[in-house]
Amino acid sequence: MAAAASRPDRAYHQDYICRIRYENNLPPPPGSVKLLDIPIDGLDYYASPGFASRLHRSQPINIEADAELGMPINLVGMPGVFDGDESSIQAPLITPPVNHKDKNLLRPLSELGKPKYQGGGISFLRRTEYISSDTARARSEAAPKSTPKSPGPKLRKPVDTSKDDPINVLRAVVKGFDIANPEDAYTGPDSNENVKGLDPTPAELEAWNEPKHPLKSSLKPIDFYPILPDLDAGTDAGDYMVAKFSTNPTHVANKHDTRVDVGLLRPIDDEAMLAEYSAKIAAHEADPTRTPHPGGAPFNYNFFLPTDEASAINLRKKLDVYDPDRDNPDLYTAKNRDGKEVFRLERQRTYETGRATAQDPNHAYKEVAIALHDPELDVITQDGFHDTNDPTQQRLEKGAYYYPIMQKIQLKPHRSKNLAQLGGASRFIDEDDDKRVDAWDVTVDDLDENEKAKRSSHRAELLGEEEDAADDES
């Protein structure tokens, strides 16, 4: 006890830890500090109204702002504002991108400053902590001294810009054809005129010889189809349009109505609608940033169908160029006023364009329809299909044939009569229009010279130089 009592008390140095709860992390003001030379003659002088008035007169506002403060109030001089065009005083329909220098100014309040303490309980109550400087110094002396290495800047993986070269892209494309058709691979010297494909890797050759599904490895391909263009199925425009009905166009609900396969959609001429659409196109071409593209032309259509299923079957036979009975005049099911044999298609109702999307003409093959064709799997039917077992009637080889889609529209029933009864404006009343067509007489003839020339031009675009060379030889 005596020894313990005689031992001197040791002093322990303690550090007090505190955390600043409120902190101002705002950046300094962008302008320089302005110091005003204010005389200090007394509080009464500063509190008088005259001091503030004199200060206002002696220190004018140095902010340059227009009289309307950015909001146009005087409409004189605004282009087209008195003609009903208010685009000059409205915000653009397409929001311009924010400058990268201004993005920090749009941050929410939760992202300003340092992140808050996320500990449990009450944030400003914290358990007292004591740190002994002697203990910390002893631990630091016992630990081996080593110079910490500061992590250097992460080096980005170098990007091979040569891969984006058009010639290298073409070589990669040619490589795919060489893998699929090794007997036709070009093996001569590589040049800009005769591009040689890149050397395929063993993994690429194995993937071609033994293809596997990227997600389900247990699936195995059962057949292969080469992707080919259908050169003989072109239209006058060179492309196709996909039309989808929002509701059932016929009263047949329990099965597919075969009459729809040979239905006729006839656009209705509406000068006011076309003028409005042309104005939207012109506004888009003038300023694409303010006015978006209106899409496809919003036509109204009359929908016609054959009178019965037998007429639809005969019409399909007449449209099949390889059907041996296509020239039989008995296929026609009606006669017009002049006594000519025709197919009678009756009007069902009027449809309007709900949604329409059009493709860029410079990218005609961005969206295509694919039809798989295998002559060995065709079935002989008696409802309008030709005999595919006859070699003279097989015009297509096996393949997946693609057809360019330039426009897609959704058709919904026209409701103009109901809108007119409710007091709404309508430019086209389908029930009371004297120009309405109730039936359409159709005859099927061969292509004339003008139609053949249009389709030949589209065929030449697909074949390229081969078609031009063939024309020169002939």
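Biologist: Which ring does the charged end of Arg349 sit over?

Modeller: That of Tyr351, with 6.0 Å to the ring centre. A charge sits over a ring when NZ of Lys or CZ of Arg is within 6 Å of the ring centre and within 35 degrees of the ring normal. Lys398 has its charged end over the ring of Tyr225, 5.1 Å from the centre. Bear in mind that this is a predicted model, where local features need pLDDT of at least 70, side-chain atom pairs count only at pLDDT 80 or more, and totals for chains, interfaces and linings use all residues. Residues are numbered from 1 along each chain as its sequence is written, and side-chain values use heavy atoms, leaving out hydrogens and water.

Biologist: How many aromatic pairs are there?

Modeller: Rings of Phe, Tyr and Trp (its six-membered ring) pair if their centres lie within 6.5 Å; planes under 30 degrees apart are stacked, over 60 edge-to-face, and the rest tilted. That rule gives seven aromatic pairs. One of them joins Phe245 and Phe303, with centres 5.1 Å apart and planes at 55°, so the pair is tilted.

Biologist: Where do Phe245 and Phe303 lie?

Modeller: Strands are DSSP runs of E, at least two residues, and helices runs of H or I, at least four, numbered from the N terminus. Phe245 is in strand S2 (residues 240-245) and Phe303 in strand S4 (residues 300-306), so their pair ties together parts 58 residues apart in sequence. Ring pairs also link Phe245, Phe303 and Tyr351 into a cluster.

Biologist: Is Phe303 buried or exposed?

Modeller: Buried means under 20% relative accessible area, exposed over 50%, and partly exposed in between (1.4 Å probe, protein chains only). At 3%, Phe303 is buried.
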